[in-house]
Amino acid sequence: RVYYQPIYNVSKGRFTSAEALVRIENEDGTMEMPADFIPIAEENGQIIALGMRIFRKVCEFLATGELQKLGIENVEINVSAAQFDHENPAGFVSEYIDEYNLDPSNINLEITETADNDLKHLLLLNMEKLIRIGVTFSLDDFGTGQSNLDYFVNLPVRNIKFDYKLTQAYFKNDKVKRILAGMADIMHSMDMKIISEGIETEEQLKAMLDINIEYIQGFLFSK
């Protein structure tokens, strides 16, 4: 199942986007979270089929117009370079957009990057092709794993997403607080927008507003 967590647009004072979050529902009604099944899918090669199925489900829902009625302008969907191939770069994304007659600007792809240089080149090729038709990109989980300055500088992303752990560290560690505030200034100087994940209290929201974060996501608004 795909659930949608709304993302608050500070300048507009309302929700204008949402992130598609995948869950597996068991027969007894309990939910399996991504941390439990995504690593398995990556290990056994099913991650590509899973990613395409999620993308199709999002396109099906966007085609109903229900999200747009709520003021949602785009949906963020996680993708990886492994979902694209050399023979038909960006093929499945543009194919589904055409099949469901969607406005490409309704789609914002969150890049979970890879350290492999060959895949990095393929990813860039796909991104450039999709940007030309109106799809936008965000760099997911900035501040963790492979989300480093190399990707920040070289990938044509519109938004940078501060990872939940990084956002939470902002409120607990003075060094992180200074680094994050400085990075926000740099990103804004490059005309990038920032999404902060993991905002859970009014105090945390105010702190993000103080460093001019544009988009807020977290339990404060919706689980």
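Trainee: Which residue in β8 is the bridge partner of L139?

Mentor: In this predicted model, the bridge partner of L139 in β8 is I160.

Trainee: What makes β7 and β8 a pair of strands?

Mentor: Two strands pair if at least two bridges are found between them. Three bridges join β7 to strand β8 (residues 159–162), and the two run parallel. The strands therefore meet the requirement of at least two bridges.

Trainee: How do you know that β6 and β7 pair, and in which sense?

Mentor: Strand β6 (residues 107–111) and β7 are joined over four bridges, in the parallel sense. Within this pairing, L109 stands opposite F137 in β7.

Trainee: Why is strand β7 called mostly covered?

Mentor: Strand β7 spans residues 136–142, and six of its seven residues are buried. Buried here means under 20% relative accessible area.

Trainee: Why is E76 called buried?

Mentor: The relative accessibility of E76 is 2%. The cut-off for buried is under 20%, so E76 counts as buried. The residue lies in strand β5 (residues 74–79).

Trainee: Is F61 buried, exposed or partly exposed, and what makes it so?

Mentor: F61 has 29% relative accessibility.

Trainee: What makes the pair of F92 and Y96 edge-to-face?

Mentor: The angle between their planes is 80°, with 6.4 Å centre to centre. Edge-to-face requires over 60 degrees, and the pair of F92 and Y96 is therefore edge-to-face. Both residues lie in helix α4 (residues 91–99), four residues apart, about one turn of the helix. F92 is buried, with a relative accessible area of 8%, and Y96 is buried, with a relative accessible area of 8%.

Trainee: How do you know that the buried residues of α9 line one face of the helix?

Mentor: In helix α9 (residues 202–210), the buried residues are Q204, L205, A207 and M208. Seen down the axis of α9, they fall within an arc of 160°, so they line one face. An α-helix has 3.6 residues a turn, so residues three or four places apart point the same way. On the other side of α9, E202, E203, K206 and D210 are exposed.

Trainee: Which elements do the buried residues of α9 pack against?

Mentor: They pack against α7 (164–170), β9 (193–196) and β10 (215–216).

Trainee: Why is L209 called partly exposed?

Mentor: L209 is placed in helix α9. Its relative accessibility is 37%, and this value lies between 20% and 50%, so L209 counts as partly exposed.

Notes
Residues are numbered from 1 along each chain as its sequence is written. This is a predicted model: local features need pLDDT of at least 70, side-chain atom pairs count only at pLDDT 80 or more; totals for chains, interfaces and linings use all residues. Side-chain values use heavy atoms; hydrogens and water are left out. Buried means under 20% relative accessible area, exposed over 50%, partly exposed in between (1.4 Å probe, protein chains only). Rings of Phe, Tyr and Trp (its six-membered ring) pair if their centres lie within 6.5 Å; planes under 30 degrees apart count as stacked, over 60 as edge-to-face and the rest as tilted. The arc is that of the directions from the helix axis to the C-beta atoms. Contact means heavy atoms within 4.5 Å.
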